[in-house]
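Work through the exercises below with the sequence and the model open. Try each task before reading its solution.

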Amino acid sequence: MQIGDLIRRAGRQFGAAPALIDGERVVTFAEFDELTDRLGTALLARGLAPGDRVAVLMPNGIDGVVVYYALAKSGLVRVPLNVRETPHEHAYKIEDSQARGLVHAGEAPAEVEIAIPADDLPALIAGAAPGPCDVRRDQDAPLRLAYTGGTTGRPKAVVLTTRSELAEVANFLVDLLPNLRPDSVMLHAAPITHGSGAFFLPHLVKGAANVIVPKFSPAAFLEAAQKHRATSTFVVPTMIAMLLEDPATAAASSSGALALERLCYGGAPIATTVLQRGIDVLGPVFAQLYGQAEAPLAITCLQPWEHTPERLTSAGKPYTFVEVDIRDAEGRSLGVDQVGEVLTRGPHTMDHYWRRPEATAETKEPDGWLHTGDIGRWDADGYLHLLDRRHDVIISGGFNVYPREVEDALLAHPAVVEAAVVGIPDEKWGERVTAAVVTRAEVGADEIRDFCAGRLAGFKRPRAVEIWPDLPTSPVGKSLRREVRDRMLSRKDA
Ligand code: AMP
């Protein structure tokens, strides 16, 4: 089965029903099938060939979704770029993925052989030959590349295949969204390049509408949720905190204006106080998912009925068709309450890292078990509790920030000699990117922060830069960053 088969069948089964809604624009299932056929055909006619990577730099909206699934139908490999990153960051991913094509809203961040401004899409679609676009690819051939950072080295791409995508849909339908119906409505308020994008197909195959909001704000979320009677949504913990800060959320909920059945959240640890408040205000609709780019959104999940006070610190139980194991450094499976690394296996996991055989070998065992880099333990009832991340990744507002990337940007400043970047707990953002630097000349913290602005996406920029006389040298068993973080935290407690 191909991804295009799902779209074609939904087109036949649910023809005139709304498939995609964005503001006033509505695309029916039949239209979505036709638009993706035509655009797929047009992309091939422009000279792209099956297997070519095509970077997509488009904001949340219907056109982006049409591009994604046109690429699926035409055998092309999607490389989504996060609109919040800088042209510098986009250019790296375009080069690393060896993209031959680029579909872009706004300026093109790099030169590629076949660049298509988003404004040209309507004409391309209108001019394309009608009829199905149905390039069939091997189940294990790349379908999309998802970039993820690295504590060492530069971001690398996870290769996901048709097999992984279909398994991801199945995982969601079995465990997370078992009650989807044609009158279900998914609200995409988070970036579709990230977690939210995984919710399209499960809804589409069941005839449910996908409503897209260009950019998250509590007001935009609440307006769309009420107007379309959204039954499912996906948010990162920061968005839950923002919704709860707005009194309109409690008002909408208590007046019965919301129809949410599943408020899915994940991608980062959540403060139990925020979660409990969320349940108090929005009801027992919270479903947590724990996953990562390498195992897209499916390692464990915590169901709404499992959100009891003593379980709020848990990430839930393994999805039905996903294996999860906790192992010690020697690779032995651990039992209840023993702390080790979380490993997972299933058809949805990544095939490999794009052009990074060494990283692949470090992460994926020959028998398919994937090292998540997360540290956790099982409790006596089989629930997973995540304790730490093996690497020093910071998660701010649901986005991963890799300290190494931020440190590189800081070190590019001529006066900065040393830099350590850490995450400091923050109720709203989860963690706040904070830097300690050693400088060789008189320079203000503000100047260093401004310097980062041109080099790093907003969510990666240090919220605070502290100038220290020196940084701790790495003592045995403790990373330098850990030590810096401990010092910052102990000072804050004092
Ligand atoms: P990404 O690859 O960007 O999706 O980030 C994945 C990482 O986010 C995981 O390896 C975890 O460290 C963290 N993460 C994802 N979901 C959860 C969750 N529900 N609870 C705690 N941490 C999470």
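Predicted model: local features only at pLDDT ≥ 70, side-chain atom pairs only at ≥ 80, totals over all residues.

Residues are numbered from 1 along each chain as its sequence is written, and side-chain values use heavy atoms, with hydrogens and water left out.

**Exercise 1.** Describe the ring pair of Phe-32 and Tyr-69.

Solution. A pair of aromatic rings is described by the distance of the centres and the angle of the planes. Rings of Phe, Tyr and Trp (its six-membered ring) pair if their centres lie within 6.5 Å; planes under 30 degrees apart are stacked, over 60 edge-to-face, and the rest tilted. The whole structure has seven aromatic pairs. For Phe-32 and Tyr-69 the ring centres are 6.1 Å apart and the planes stand at 75 degrees, so the pair is edge-to-face. Next, locate the residues: Phe-32 is in helix α2 (residues 29–45) and Tyr-69 in helix α3 (residues 62–73), so the pair ties together parts 37 residues apart in sequence. Helices (H or I, at least four residues) and strands (E, at least two) are DSSP runs, numbered from the N terminus. Last, both Phe-32 and Tyr-69 are buried. Buried means under 20% relative accessible area, exposed over 50%, and partly exposed in between (1.4 Å probe, protein chains only).

**Exercise 2.** Which residues line the largest cavity?

Solution. On a 1 Å grid over the protein atoms alone, a cavity is a set of points where a 1.4 Å probe fits but cannot get out, while a pocket is an open set with protein on both sides within 12 Å along at least five of seven lines; lining residues have an atom within 4 Å of a point. Grid points are joined across faces, edges and corners, and a volume is the space filled by probe spheres set on the points. The largest cavity has a volume of about 40 Å³. Its lining consists of Ile-3, Tyr-68, Tyr-69, Leu-71, Ala-72, Arg-78, Leu-143 and Glu-165. Helix α3 contributes the most, with four residues.

**Exercise 3.** What surrounds the second largest pocket?

Solution. Start with the volume of the second largest pocket, about 540 Å³. It has 28 lining residues, and the closest to its centre are Arg-84, Pro-191, Lys-215, Met-239 and Phe-399. Two or more lining residues come from each of α9 (237–245) and β24 (430–439). At least three come from each of domain 1 (3–376) and domain 2 (394–493), with bounds from an automatic or database domain assignment.

**Exercise 4.** Where do Arg-229 and Leu-297 lie, and what is the phi of Arg-229 and of Leu-297?

Solution. Arg-229 lies in the loop between α8 (218–228) and β11 (232–235). Although not a glycine, Arg-229 has a positive phi of about 50 degrees. Its relative accessibility is 42%, so Arg-229 counts as partly exposed. Leu-297 is in strand β14 (residues 295–302). Leu-297 is not a glycine either, yet has a positive phi of about 55 degrees. With a relative accessible area of 13%, Leu-297 is buried.
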